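Thanks for asking me to look this over. Here are my notes, as numbered points you can follow with the model open beside you.

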Amino acid sequence: MHFIFSTLKKLNVYIIKQYFGTFIFTFFIAIFILLMNFLWTWVDELIGKGLDFAVLFKLLFYTSVTFVPMALPLAILLSSLICFGNLGEFYELVAMKASGISTWKVMRPLLYFSLTMSVMGFFFSNDVMPVANLRMQSTLYDITHKKMTLEIPEGVFYRGIDKYVIKVAKKSKTDNWMYDVMIYDHSDSKGNVKVTVADSGYMAMTPSQREMIFTLYDGYNYSELFDDKEYRNNRPFQKMSFKRQLVTFDMSQFDMRHMSEDAFKKHQTMLNIKQLNVAIDSLNTAYDSRMEHNDEVLLNRFQHLNADPSSFAKADKKIENKQGDAANDNIITTFTWPLLDNLPEKERQPVISMALTSTANIKESLTVTANSMRRDRVNIKKHEQVLNQKFTLSMACILFFFIGAPLGAIIRKGGLGMPVVVSVVFFVIYYVITIIGERVAVNGDMSVFLGAWISSIVLFPIGIFLTVKATTDAALLDAESWRKFFSKHKKSETI
């Protein structure tokens, strides 16, 4: 008995060593791929802005952290496939079974590891992800709103400096000399009334890097005069020549300005579970209060028109369903004005005109209210969706282990060939179902809970099926077994 326990202990250590190295490798590979995709998406906003290495490192670090919920389940799936595929390919799994150790016992230490990753993933999603999202979004906002670095092209009107337009005919390739320089000064906000033209100029930054100085040579300053009473007819202007002139530009506008993180803190992705529950409760309370207020206002307006009170119930139902303009048209047709029959025929037309105007105003109010309430409801659903995502990460870690480990034992192929293909297929299926479910749920065609968990619900039976097949040594993907099966089926048909 002691020998058996000692063997199992050594075996567990061996399997965990084989698994852990592959897990770390696949995890960081997944993070790297997702990060490259992020850079490819935002490359236009990052290039040409003279960003410091510290700023880029901060952005990439926090962005990498936000990719953990996608990379962690994928790493568990791929490493489980590779680990058990290697054990099967080199007949180590067969040797373990021959020694009386079942597949389930071999899977057990990795199951404990996956459960540990699941728990850590939950705390990570709840405590770390909101902070990482906040820092990443605020840094990305600062970068995207930063101006491009000063780079004046040849032969083009450059408008990168506020209140100035600069054109340079030619630039020196070895230094900062420019030729045939034209500068339009728009600081007075009166159009092209101040122009400086020079044969040549030299561009240099001040030691503080806060100002750019253009030293211009052999040129003219042109400015239109507005003091003359006949200005609009004569268009007088003043011309002054110079041999050397300095023009200073403020470069602080090219600095990266940091937006306060408080501007992003209320977004649902920046909140933990406790904060999400408080936010959802507050949003629901505000939504219900606003709905009651709208009902009261609408009821008063219809009563003012002497509308049939029973018609209001139909209108209230239409608003609740938020059907848009088509519903508003139907609402209008449901109202009747009994007092109209008691009026003389000559007085009916002004009353009808007034009623139509009031009804059109009500229709417009209904449309605005319905759209506003729809946006509020979508916002509530997005908060509920993020709340469910805190738990789906943990479930995905366990789910992908029960798919990857048994599938690796069945395929019996290690390395980065077949396991990578199979992992990508299952992960894409999971991800696509998740995205579709969440979008359908936000649109109101499915509950938020079902939309967040539908991918796990779909793949859970597959994991159970593969685990049962692997632990019972079923030849699910053995080509020889399938060949024998079809040959027997053919013989039975011929007989």
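1. Let's begin with one side chain: Phe27 is buried, with a relative accessible area of 14%. Buried here stands for under 20% relative accessible area, exposed for over 50%, and partly exposed for anything in between, using a 1.4 Å probe and protein chains only. Please keep in mind that this is a predicted model, where local features need pLDDT of at least 70, side-chain atom pairs count only at pLDDT 80 or more, and totals for chains, interfaces and linings use all residues. Residues are numbered from 1 along each chain as its sequence is written, and side-chain values use heavy atoms, with hydrogens and water left out.

2. What is the arrangement of the rings of Phe23 and Phe27? Their centres are 6.2 Å apart and their planes meet at 20°, so the pair is stacked. (Rings of Phe, Tyr and Trp, the last by its six-membered ring, pair if their centres lie within 6.5 Å; planes under 30 degrees apart are stacked, over 60 edge-to-face, and the rest tilted.) Phe23 is buried too, at 5% relative accessibility. Both residues belong to helix α1 (residues 2-46), where they are four residues apart, about one turn of the helix. Helices (H or I, at least four residues) and strands (E, at least two) are DSSP runs, numbered from the N terminus.

3. Do look at the neighbouring rings as well. Ring pairs join Phe23 and Phe27 with Tyr19, Phe20, Phe28 and Phe113 in a cluster. The structure holds 23 aromatic pairs.

4. Next, a residue in helix α5 (residues 103-144): Ser125. With a relative accessible area of 7%, Ser125 is buried. Leaving aside residues up to four places away in sequence, Ser125 touches Pro130, Gln389, Lys390 and Leu393; contact means heavy atoms within 4.5 Å.

5. Two charged side chains are worth a look. Lys239 lies over the face of Tyr220, 4.4 Å from the ring centre, and Arg377 lies over the face of Tyr287, at 5.5 Å from the ring centre. The criterion is NZ of Lys or CZ of Arg within 6 Å of the ring centre and within 35 degrees of the ring normal.

6. Finally, the overall picture. The protein has 13 helices and six strands. Of its 495 residues, 39% count as buried. Among contacts with a separation of 6 or more, 69% are between residues 24 or more positions apart.
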